[in-house]
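Dear colleague,

Please find below the structure I am handing over to you, together with its sequence. My notes on it follow directly after.

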Amino acid sequence: MKKSSNLARNFVLGFFGIGALVAGYQSFMPSRSSTPAAVSTSALVVPQLSTEAAEGKRVFDAVCAACHGRNALGTEQGPPLVHDIYNPGHHSDEAFYFAAANGVRQHHWPFGNMPPQKVNRAEVDEIIAYVRELQKANGITYRPHNM
């Protein structure tokens, strides 16, 4: 009898442990049914941009905005980059270089895979400066990524 009671207790503890993990994961991950923008258009703060970031905005508008939206707020085709999920502790600058050069598989949002983009490293430097300045102005700063 003791063996079956331990088994039942372990099952219940495991069940609730998995439930807690799923709840924690779901609270961190963006909802697929929610609007993609983390910052609404009316609440967005657009800072005075540095020279590098202003050039990055020009490149972003030409190459990225069709999917990632005006001021990186996202569209029906791509996620917002002014969102905490893209803070430098979760998506480093290196992730932006990789995505631009190689494309990236869908992993946080339901938009599908991103294809490689025709931009050079200096242009990606400028795009990153633009996105990071937008993020900072809207309270999105480095937070360590805990798995």
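Predicted model: local features only at pLDDT ≥ 70, side-chain atom pairs only at ≥ 80, totals over all residues.

Gln77 is partly exposed, at 49% relative accessibility, and belongs to the loop between α3 and α4. Leaving aside residues up to four places away in sequence, Gln77 touches Ala66, Cys67 and Phe111. Its C-alpha atom is separated by 8.4 Å from that of Gly112, a residue 35 positions apart from Gln77 along the chain.

Asn71 is found in the loop between α3 and α4, and its phi is near 55°, a positive value in a residue other than glycine. Ala72 lies in the loop between α3 and α4 as well; its phi is positive, about 60°, although Ala72 is not a glycine. Are these residues buried or exposed? Asn71 has a relative accessible area of 10% and is buried, and Ala72, with a relative accessible area of 0%, is buried too. The cut-off applied here is that buried means under 20% relative accessible area.

His90 is found in the loop between α3 and α4. With 17% relative accessibility, His90 counts as buried. The side chain of His90 is joined to that of His145 by a polar contact of 2.4 Å.

Turning to the helices, I begin with α4, which spans residues 93–102. Which of its residues are buried? They are Phe96, Tyr97, Ala99 and Ala100. These residues cover an arc of only 165° around the axis, which means that they lie on the same side of α4. The buried residues of α4 pack against α5, residues 121–137. After α4 comes Gly103, whose phi is positive, near 80°.

Helix α5 also meets α2. The axes of α2 and α5 come within 7 Å and cross at roughly 105°. Angles of 65 to 115 degrees count as roughly perpendicular, and α2 and α5 are therefore roughly perpendicular to each other. On the α2 side, the contact is made by Glu52, Ala53, Glu55, Gly56, Lys57, Val59 and Phe60. On the α5 side, the contact residues are Glu123, Asp125, Glu126, Ile127, Ala129, Tyr130, Val131 and Glu133.

I also looked at charged pairs. Side chains of opposite charge can pair when their charged atoms come close. How many salt bridges does a search of the whole structure find? The search finds five, and I describe some of them here.

Lys57, listed above in the contact between α2 and α5, forms a salt bridge with Asp61, with the closest N and O atoms 2.8 Å apart. Lys57 and Asp61 are four residues apart in helix α2 (residues 51–63), so about one helical turn separates them. Asp61 counts as partly exposed at 37% relative accessibility, and Lys57 is partly exposed with a relative accessible area of 25%.

The side chains of Asp84 and Arg143 meet in a salt bridge, at 2.1 Å from N to O. This pair links distant parts of the chain: Asp84 is in the loop between α3 (65–68) and α4, whereas Arg143 is in the segment after α5, and the two are 59 residues apart. Asp84 counts as partly exposed at 27% relative accessibility. Arg143 is partly exposed, its relative accessible area being 37%.

Arg121 and Glu94 form a salt bridge in which the closest N and O atoms are 3.8 Å apart. Here too the pair links distant parts of the chain, with Arg121 in helix α5 and Glu94 in helix α4, 27 residues apart. Arg121 is partly exposed, with a relative accessible area of 49%, and Glu94 counts as partly exposed at 46% relative accessibility.

With kind regards

Conventions. Residues numbered from 1 in each chain as written. Heavy atoms only, no water. Buried < 20%, exposed > 50% of the residue type's maximum accessible area, 1.4 Å probe, protein only. Arc of directions from axis to C-beta. Contact = heavy atoms within 4.5 Å. Salt bridge = Lys/Arg side-chain N within 4 Å of Asp/Glu carboxyl O. Polar contact = N/O pair within 3.5 Å; in protein donor to acceptor, adjacent residues only side chain to side chain. Axes fitted to C-alpha atoms, helices over the stretch in contact; angles between N-to-C directions. Parallel < 35°, antiparallel > 145°, perpendicular 65-115°, else oblique.
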